[in-house]
Amino acid sequence: FMKVSVIVPNWNGIHLVGMCLDSLKKLDFEDFEVILVDNGSADGSREMIEKDYPWVQLLKLSENMGFAVACNKGYLASKGEYVVLLNNDIEVESFWLRELYEGMERHPECGMGTSRMMFLHDRAAFYNTGDLFHVWSAGGGRGQGEKDVGQYDKEEYVFGACAGAGIYRRSMIEEIGLFDGDFFIFAEDVDLNLRAQRRGFKTVYLPSAKVYHVGTATVGLYSDRYVYLCKRNDIFVLIKNYSLAMYIKYFQSILRHQFLDIIYFAERGQGGVLFKSKLDALKWIWRMLVRRNRNMRFQTVPDSAIESLMVAD
């Protein structure tokens, strides 16, 4: 094993991925590999990577299989004791990987670590300082949109890691499993965070590990595709990861937020997209329930340990 494997999923990202790889080349860290998993790009990014970045290991998938599957394929090809996932629209600081690695070495109780993610085009504003999880079954980015006035300078436990720039202990992944490929993109990290929580793995926010993120550059914020996948996958997360007691406890909150979603997206003219997302989620209910049973069977901590890190209404 080497120390770290950095996995960069890419799909038609020729206008972004060069910035990401250029910043990785400047890292002040030894003993790591970069694996770029290309999801059937047709924009010339594969050819550019082969020509300009020969030090990058390029995995070519025949079609766009989604973020979750691309990360899984990269993981299976990796050799690192730790695996880092990095979006292709991110520029990293030279010390970023060292800070992630040393942070995880300081915290053997943690299965994951998460970066200090700032917006690329507004470097004083936070994109993510660790993933949040709301009781009505929706993830979120801690601090997103806030200006940096020192409020997130503390190294501390958070609910989970954002897969845009997160570090994962290989031994944890071997225990809890890879991303669920059926999510395609969005909330696959929320699902993984919850599975890790159920097994007692903690996540640490490492504020010295700094990156700059464009954000939703591949799919487009609030595009129909974005809304469909996010809202469908929120239901997947709910079905797979809530105990019966949690379903009952948070039922009113879940119902209220589903209703608020209907109003909001209907007003945006995306009511049909939202309806299809929920309908399609229910078509997969039996498959998700089978996975839920496995999650519950291997749970090692009480629900209260997970709920203490969840965000209430």
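H257 sits in helix α9, which spans residues 251-267. This is a predicted model, so everything below is read from computed coordinates. Is H257 buried or exposed? At a relative accessible area of 19%, H257 is buried, because the cut-off for that label is under 20%. Leaving aside residues up to four places away in sequence, H257 touches W136 and D313.

**Around helix α7**

Helix α9 also brings us to α7 (residues 224-241), which has contacts with α9, with α10 and with α11. Here is how the axes compare, pair by pair.

| Helix pair | Axes come within | Crossing angle, roughly |
|---|---|---|
| α7 and α9 | 13 Å | 170 degrees |
| α7 and α10 | 8 Å | 35 degrees |
| α7 and α11 | 7 Å | 45 degrees |

Take α9 to begin with. Its axis and that of α7 cross at roughly 170 degrees, and the two helices are therefore roughly antiparallel to each other, since angles over 145 degrees get that description. On the α7 side the contact uses V227, K231, I235 and L238, and these meet I254, Q258, D261 and F265 in α9. Sorted by class, that contact has 5 nonpolar, 1 polar and 2 charged residues.

Next comes α10, which covers residues 271-283. The axes of α7 and α10 come within 8 Å, and α7 passes α10 in a right-handed crossing. Which residues of α7 meet α10? They are D224, V227, Y228, K231, R232, I235, F236 and I239.

From α7, the contact draws on F236, I239, K240 and N241. From α11, it draws on I285, M288, L289, R291, R292, N295 and M296. The class count here is 6 nonpolar, 2 polar and 3 charged residues.

**An enclosed helix**

Now over to α3, residues 67-77. Of its 11 residues, 8 are buried, so the helix is largely enclosed by the rest of the structure. Which residues are the buried ones in α3? The list reads F67, A68, V69, A70, C71, N72, G74 and Y75. What do they pack against? Strands β1, β2 (32-39), β3 (57-61) and β4 (80-86) are among the partners, along with helices α5 and α6.

**Two loop residues with positive phi**

F186 lies in the loop between α5 (170-176) and α6 (188-198). F186 is not a glycine, yet its phi is positive, at about 80 degrees. F186 is buried too, with a relative accessible area of 16%.

N12 has a positive phi as well, near 50 degrees, and is again a residue other than glycine. Where does N12 lie? It is in the loop between β1 (2-10) and α1 (17-25). N12 counts as partly exposed, because its relative accessibility is 26%.

Notes. Residues numbered from 1 in each chain as written. Predicted model: local features only at pLDDT ≥ 70, side-chain atom pairs only at ≥ 80, totals over all residues. Heavy atoms only, no water. Helix = DSSP H or I, 4+ residues; strand = E, 2+ residues; numbered from the N terminus. Buried < 20%, exposed > 50% of the residue type's maximum accessible area, 1.4 Å probe, protein only. Contact = heavy atoms within 4.5 Å. Axes fitted to C-alpha atoms, helices over the stretch in contact; angles between N-to-C directions. Nonpolar A, V, L, I, M, F, W, Y, C, P; charged D, E, K, R; others polar. Left-handed = near helix turned anticlockwise from the far one by under 90°. Parallel < 35°, antiparallel > 145°, perpendicular 65-115°, else oblique.
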